[in-house]
Amino acid sequence: MTTKRIVAVAFLAISAAVIMTACAGTKLVAQWRDDAYSGRAAKVFVIALLLDTRVRGPQTLVEDEFVKQFKARGTEAAASYTVFPEGPRPTKEEVLAKVKEVGADSILVVRMLKKDMEETHTPTLRYAVPSGFESSWNSYGYMSTSSNVGIRDVSYDYDFLTAEVTLYQATTGNPIWSAMSQTKYQQGPLKQIEPFTTSIMKGLTHAKVIQ
Amino acid sequence: MQRSFNRRVLNALVVLLPAVCLALSGCAATKVTQVWRDESYRPVKLKSVLVIALAEVPTVQREIESRFAKQFQDRGITVTEGFRILSADQRNAPDARDVVAAKVRELGVDSVLIIERDSGRTETAYIPGMTIVHGTGYGMGGGGTAVVASSQPMAPTTQGYEHTNKFFGMQTQLYDAGTGKIIWFVRTETRMSGPLQEEIKPYVADVSARLFGERFF
């Protein structure tokens with residue numbers, strides 16, 4: 001393989017990797033915090049509302065990940081699936097009663113808003129490299145041809161999940177922090193649960209509503 | 001010598017300053033597309049306001065209301081954010097107007113600011129491909145090599161592509177709570193160039209500056 005081909009292949013591989021990594025992950029596109037609230041949550045009750053009916057699976061994974069990351073930051077947390085059985089969504093009154101029972105002072109609600117699919121397309125970038133350049137200095141002055149090497153079009157579909165996460169104060173029922181997030185992914189949403197949760201936790205920590 | 005230099009700098013500034021101003025105004029994210037005020041309205045100064053943002057996502061609603069609230073608070077005006085007194089169900093109910101009217105009476109505010117989404121649009125621009133051509137061997141030095149070098153394109157050659165700008169429209173309306181009549185209205189268009197959060201802040205600042213310029217408060 002000639003040097004120019006190696007350079008072209010390496011360039012292609014690096015560019016594709018950069019494009020793929022840059023497009024995956026969670027971004028908090030909008031955040032809000034109640035400036036009148038000065039406390040910090042000590043125990044959080046986590047509810048993930050992903051579907052109309054409560055089914056084990058993604059909901060359990062999301063709630064468990066949040067509980068794990070809250071505890072890692074020194075904040076107590078409880079997952080809603082441990083107290084609510086499968087079935088229809090519990091009412092607000094039922095949630096508040098359980099929150100009181102488990103002794104939580106805050107409620108974190110993760111709500112899925114929508115799922116879209118989009119396409120990203122990066123056009124071709126061509127480099128015309130003079131042939132013989134790398135093989136012989138002597139031929140440099142006489143070359144008159146060039147060969148095209150290039151990076152091919154990169155085009156791929158990705159999914160796009162929009163979610164809203166809200167932290168409520170249990171005693172008043174008022175929101176104290178919320179964020180709207182957008183998560184791009186290609187290889188199934190379950191792999192995004194951990195980075196999604198990490199992004200939300202960063203937002204909560206930055207807003208100083210948790211430890 | 002020094003005088004000549006100063007004159008050249010001054011001349012450059014005279015040419016550059018208007019260009020910079022034009023460029024900056026052309027790049028402003030939020031543009032006012034329509035503004036109206038009731039010229040017959042001669043109020044005593046308004047002292048309190050209820051701010052209601054009609055947004056689909058509660059985070060966006062609260063962010064807009066809180067940012068407007070801060071602008072009013074900074075000027076000593078009593079303000080109530082809509083999300084603190086109206087639930088999502090109340091705002092989306094068919095009788096939302098009556099609910100708001102009841103809340104206005106309950107709070108005793110003398111004005112209501114309503115912010116809602118207007119129609120947006122997208123604008124697609126075609127960016128043509130580009131080839132940078134320079135003679136091979138130029139600058140390499142060595143004797144006659146530059147003379148015989150060909151002018152084959154070296155790099156890079158890019159394909160043309162389409163670039164889409166998204167714009168979102170907003171309407172901001174001020175009502176006199178006593179009469180229920182609209183007294184000021186502004187329609188804006190904001191170019192989305194980043195996360196929504198980044199657009200809300202300058203949008204609220206621009207609209208607030210215009211509102212306070214009308215001297216209703």
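This note sets out several points on a predicted model, for a reader new to the structure.

1. Chain B in outline. Chain B holds six helices and eight strands. Read from the N terminus, its elements follow the order α-β-β-α-β-α-α-β-β-α-β-β-β-α.

2. Burial and contacts in chain B. Of the 217 residues in chain B, 24% are buried. When contacts in chain B between residues at least 6 apart in sequence are considered, 69% of them link residues at least 24 apart.

3. The largest nonpolar core. This core contains 67 residues, and the members that touch the most others are Val46(A), Ile107(A), Val51(B) and Val112(B). Helix α6 of chain B, residues 196–213, supplies the largest share of the core, namely six residues. In soluble globular proteins, nonpolar side chains tend to be buried together.

4. Surroundings of Val112(B). Leaving aside residues up to four places away in sequence, Val112(B) touches Val49(B), Leu50(B), Ile52(B), Val104(B), Tyr175(B) and Ala177(B).

5. Length of helix α2 in chain A. This helix covers residues 58–72.

6. The buried residues of α2(A) are Gln59(A), Val62(A), Glu63(A), Glu65(A), Phe66(A), Val67(A) and Phe70(A). After α2(A) comes Gly74(A), which has a positive phi, near 85 degrees.

Definitions and conventions:
Residues numbered from 1 in each chain as written. Chains lettered and ligands numbered in written order. Predicted model: local features only at pLDDT ≥ 70, side-chain atom pairs only at ≥ 80, totals over all residues. Core = buried A, V, L, I, M, F, W, Y, C linked by C-beta atoms within 7 Å. Buried ≥ 20, exposed ≤ 12 C-beta atoms within 10 Å, placed from the backbone. Helix = DSSP H or I, 4+ residues; strand = E, 2+ residues; numbered from the N terminus. Contact = placed C-beta atoms within 7 Å. Expected span 1.5 Å × (residues − 1).
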